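Visitor: Hi, I'm new to this one. Can you put it on screen and walk me through it?

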Amino acid sequence: MKVAFLFDSGSSFNIDNKPNCFVIPMSIIVKNNGNEKIYLDNVDINRKQLCEIIDSNSTILTSQPNIGQIITTIEKLLSEYELIIAIPFSKYLSSTYNTILNLQSEYGANKFLVADINAMGITGN
């Protein structure tokens, strides 16, 4: 059986050189002096850059991955893999888990499983 693993960037798994592992980035929203900028975790911003922003006393918020991006990724993976196992950010810290769990009913548990392992971490790089 061909299996894909799907993470959101908040789950903090290193997937380098793991061809059947895929990441959907969370959004990091930075507010400073009335300006707002949105970064995609580990795409537009890395850990060092985020630490510099934290040191600047900016307000930082996070948001779950874009639902459209989640659906597009699942559908693409289902065209190439027989099963997707999703391992999202901890359900206690993010709505990503519940969003992905709701999608499990759309695609069927025989093709799309959600693991609740309380994973957490932002800007793993």
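Guide: Here is a short tour of the sheets, cores and charged pairs.

Guide: This is a predicted model, where local features need pLDDT of at least 70, side-chain atom pairs count only at pLDDT 80 or more, and totals for chains, interfaces and linings use all residues. Residues are numbered from 1 along each chain as its sequence is written, and side-chain values use heavy atoms, with hydrogens and water left out.

Visitor: Okay. In what order do the four strands of the open sheet with parallel pairing come?

Guide: The order is E2-E1-E6-E7. Strands (E, at least two residues) and helices (H or I, at least four) are DSSP runs, numbered from the N terminus. Two strands pair if DSSP finds at least two bridges between them.

Visitor: Which strands stand at the edges?

Guide: E2 (21–24) and E7 do. Each has a single partner strand, so one side of each lacks a neighbour in the sheet. The twist averages 25° from one strand to the next.

Visitor: How many bridges join E1 to E6?

Guide: Five, and the two strands run parallel. In E6, Leu-83 is the bridge partner of Val-3.

Visitor: What does H3 touch on that sheet?

Guide: H3 touches E1, E6 and E7. Its direction makes about 150° with that of E7. Contact means heavy atoms within 4.5 Å. Axes are lines fitted to C-alpha atoms, for helices over the stretch in contact, and angles run from 0 to 180 degrees between N-to-C directions.

Visitor: Now the largest nonpolar core. Which residues touch the most other members?

Guide: Leu-6, Ile-74, Ile-84 and Phe-112, out of 15 residues. A nonpolar core is a set of buried Ala, Val, Leu, Ile, Met, Phe, Trp, Tyr and Cys residues joined through side-chain atoms within 4.5 Å. Buried means under 20% relative accessible area, exposed over 50%, partly exposed in between (1.4 Å probe, protein chains only).

Visitor: Which element gives the largest share of this core?

Guide: H3, with four residues.

Visitor: And what does Phe-112 touch?

Guide: Leaving out residues up to four places away in sequence, its contacts include Leu-6, Ile-74, Ile-100 and Tyr-107.

Visitor: What about the sheet of three strands?

Guide: That open sheet has the order E4-E3-E5, with antiparallel pairing. Its edge strands are E4 (35–40) and E5 (59–63). E3 and E5 share five bridges, and Val-30 has Ile-60 in E5 as its bridge partner. H1 packs on this sheet, touching E3, E4 and E5.

Visitor: Is Ser-27 buried or exposed?

Guide: Buried, because its relative accessibility is 13%. Ser-27 sits in strand E3 (residues 27–32). Its contacts include Ile-38, Leu-40 and Leu-61.

Visitor: Switching topic: how many salt bridges does the structure hold?

Guide: Two. A salt bridge is a side-chain nitrogen of Lys or Arg within 4 Å of a carboxyl oxygen of Asp or Glu. Lys-76 pairs with Glu-80 at 2.9 Å, N to O. Glu-36 pairs with Lys-31, with the closest N and O atoms 3.7 Å apart.

Visitor: Where do Lys-76 and Glu-80 lie?

Guide: Both are in helix H2, four residues apart, about one turn of the helix. An α-helix has 3.6 residues a turn, so residues three or four places apart point the same way. Lys-76 is partly exposed at 48% relative accessible area, and Glu-80 is partly exposed at 37%.
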